[in-house]
Structure formats: structure tokens, C-alpha cells
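Q: Please take a close look at the salt bridges of this structure and at the parts around them. A plain, connected account will do.

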Amino acid sequence: MKISFQSEHEARFMLGFLNEQQKKNDFHASLLNETMIHCQSKHWDSFINDVLIPGFIHFFMNIKESHIILSIIEKQFYFVDQDEQQQILHIAQSIMEGERSEIPEVKHFPPREQLLISALKNFLHPDQSFTVESFIQFRLSDYMTRLTEYVGISIEEYKMEQEYQNFIESLRDYVISNEPKLSVLHLLHDDGFQIFNEQFIEMKKPELKRWLDREFIFQHPMYIDSQLLAPLVSIAPLKVYIYSDDQEEGMILTIQNIFQERVRLLPKSSFAEQMVSMAHLDFEQKSVYNTNKR
């Protein structure tokens, strides 16, 4: 069996995998030239199923797939900027690795490895010569279709992330360019969020609504949360203390992205300590005031 690859790097990558398998399988693999591997075996069925197919899966997952995806991004979806291509590729890879299971479209997709395995089993046989590129072109239509579907979903995710970044940047610019209406706000996170002023007095919905910059909110009707984010940005405090035991929660990360160095994260348990400390300080100040008044 002779297999031609597109480059010496690809051929040597595959040969390296095959050489590792020679320790426990009876076959021989060698380079005939810079890009062609010659395989010989006395047990072709076991060689194909136990060595060559896993080798091709390893080759596609680690070497070929990213190049195919980049080609799909450029030639089928017309993204020519290399930075954009890399960002979409990264999203596609994270989706395929199961890191974005919240995306409903991909939940019904079986592992793409199965598409490769099926195509390889129907194609590989002894005394065969072929190029990897021709195998991709004529035998991997299902696999290529699946990668195209992943790319389409990844582009939608990329566009939404760009919109989110633009949204965050506009809120950040607003916070920076506007005078703070209050110096400090405290946010207690449990099932939801409660907002407290500098004296740890809770700010209820009617009070929070009075702080809203309605013109600014009108510019972001689809995005900005009117119960928390809108009043928080409208007030634009110099310091935001967040008390939470889940500091990776989505809204907390959003607030951090907007307020950046103005945010300080603390465990939820420290909220009560801060309230007691504030009450004690307030009591001492009142005592000093009353003494001086006498």
C-alpha cells in the first residue's frame, strides 16, 4: 500500500504514528520519497483496522482538519482576514471538543470521527495506492459536510461574540466618560443580585429606576438588563464590590468586563462582616458627634 501526502510534514507525522505502532503490530512502514509512505503487512485486516484507521483519525484530528476548516471559512464563507479566520477556527474546535454544549444545533451531531472511520473502512484495502487529497475530495463528502456545518455555527457564534464585545465596549466608554453618581456600590450575589449603597442600605427597584439614564438605555434595548446592569452602568460608581461564591457567573464576568479595575470580588461570607464593620464605624462616628455636641 502506498499513500501520498500533500507535504513532507504530513508524511512524517503519519510515519511517526505508524512507527510507534510497530512495537505491538506486525507490519513495516517507510518513506519512499518525501511525501509517500509505503506500508507492508502479512495481516492486512488487523493492520487496517488496528493501525491504519486509528493513524488516519490521529492525522486528521491533529494535522489536516484545521487546514480544511480554514479553507471552508475562506472559500465557502468568504472570510479572508487571517485574524478572523483563526478566531472562527478556535470556536469551531471548541465546539467539536464539546466545550460549548449549550449550543442546541450541535447536540444531535454524532462524533465526526465516526464519519472518518466509516469512509476509511469502505475505502482502504491491500495493494492500494492513493493520495490523501483525492481521498478527501471523493470519499469524505459526509465528513466535509459536517465540518461545513460546524463552521456555519461557529461563524454565528463569532458574530454574536463580536456584538457582545461591541456592547461591552460601549458600556465601558459610558462608565469612563460619565461622572459617578455614587462612589461605591455593593452587590450581593446568591440566587440573584441585590444592590446596596455605600452604607449597606439595599436599593430597591423604585430607587434604582430613578437612577436610570433612559436615553442611554434606549440605545441598547435588546441587550442591557434593566434590573441590574442598566442602573449599575447609569450610576457608574468608582468602586463595585461583588460578594459571591460563584465568581465565574456570567453577569459577574460582564460587570468585570465593563468596570474592570473598579471591581473587587469577595466571598459571599464577607458581606455580613463588611456590614457589621460599617455599622460599628457608623456607631463610633455618631458617638464622637454627640460627644462633641455636648
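A: In this predicted model, R112 and E65 form a salt bridge in which the closest N and O atoms are 2.7 Å apart. R112 belongs to helix α4 (residues 112–123) and E65 to helix α2, so the contact ties together parts that are 47 residues apart in sequence. Both partners, R112 and E65, are buried.

R100 and E161 make another such contact, with their side chains meeting at 2.8 Å, N to O. R100 sits in the loop between α3 (82–96) and α4, while E161 sits in helix α6, so this pair ties together parts 61 residues apart in sequence. E161, at 30%, is partly exposed.

Salt bridges that share partners join E10, K64 and E133 into one network. Because E10 lies in helix α1 (residues 8–21) and K64 in helix α2 (residues 44–75), the pair ties together parts that are 54 residues apart in sequence. E10 is buried at 5% relative accessibility, and K64 is buried at 4%.

The network leads on to the pockets. The largest pocket has a volume of about 260 Å³. Which of its lining residues are closest to its centre? Of the 14 residues in the lining, they are K64, H67, I68, S71 and E133. K64 and E133 also belong to the salt-bridge network with E10. The elements giving two or more residues to this lining are α1, α2 and α5 (132–139). Helix α2 gives the largest share, seven residues. Sorted by class, the lining has five nonpolar, five polar and four charged residues.

The second largest pocket has a volume of about 170 Å³. Its lining includes F193, Q194 and I195, and also E202, M203, K204 and K205. L208, Q227 and L228 line this pocket as well. At least two residues each come from β6 and α7 (205–211), and the largest share, three residues, comes from β6. The classes here are five nonpolar, two polar and three charged.

Strand β6 leads on to strand β5. Strand β6 (residues 193–196) pairs with β5 in the antiparallel sense over four bridges, and β5 and β6 form a hairpin with three residues between them. On another side of the pairing, β5 and strand β7 (residues 239–243) run in the parallel sense over five bridges. L187 stands opposite I195 in β6 and opposite I242 in β7. How many of the residues of β5 are buried? Six of the six residues of β5 (residues 184–189) are, so the strand is largely enclosed by the rest of the structure. V184, H186 and L188 point one way from β5, and L185, L187 and H189 point the other way.

E179 lies in the loop between α6 (141–177) and β5 and is exposed, with a relative accessible area of 67%. E179 and S234 are 55 residues apart in sequence, yet their C-alpha atoms are 9.7 Å apart in space. In the loop between α9 (229–235) and β7 lies A236, which has a positive phi of about 50° although it is not a glycine. A236 is buried, with a relative accessible area of 0%. Q260 also has a positive phi of about 50° without being a glycine. Q260 is placed in the loop between α10 (250–259) and β8 (263–266), and at 39% relative accessibility Q260 is partly exposed.

Notes:
Residues numbered from 1 in each chain as written. Predicted model: local features only at pLDDT ≥ 70, side-chain atom pairs only at ≥ 80, totals over all residues. Heavy atoms only, no water. Buried < 20%, exposed > 50% of the residue type's maximum accessible area, 1.4 Å probe, protein only. Pairing = 2+ DSSP bridges. Salt bridge = Lys/Arg side-chain N within 4 Å of Asp/Glu carboxyl O. 1 Å grid on protein atoms, 1.4 Å probe; cavity = no way out; pocket = protein on both sides within 12 Å on 5 of 7 lines; lining within 4 Å. Points joined across faces, edges and corners; volume = space filled by probe spheres on them. Nonpolar A, V, L, I, M, F, W, Y, C, P; charged D, E, K, R; others polar.
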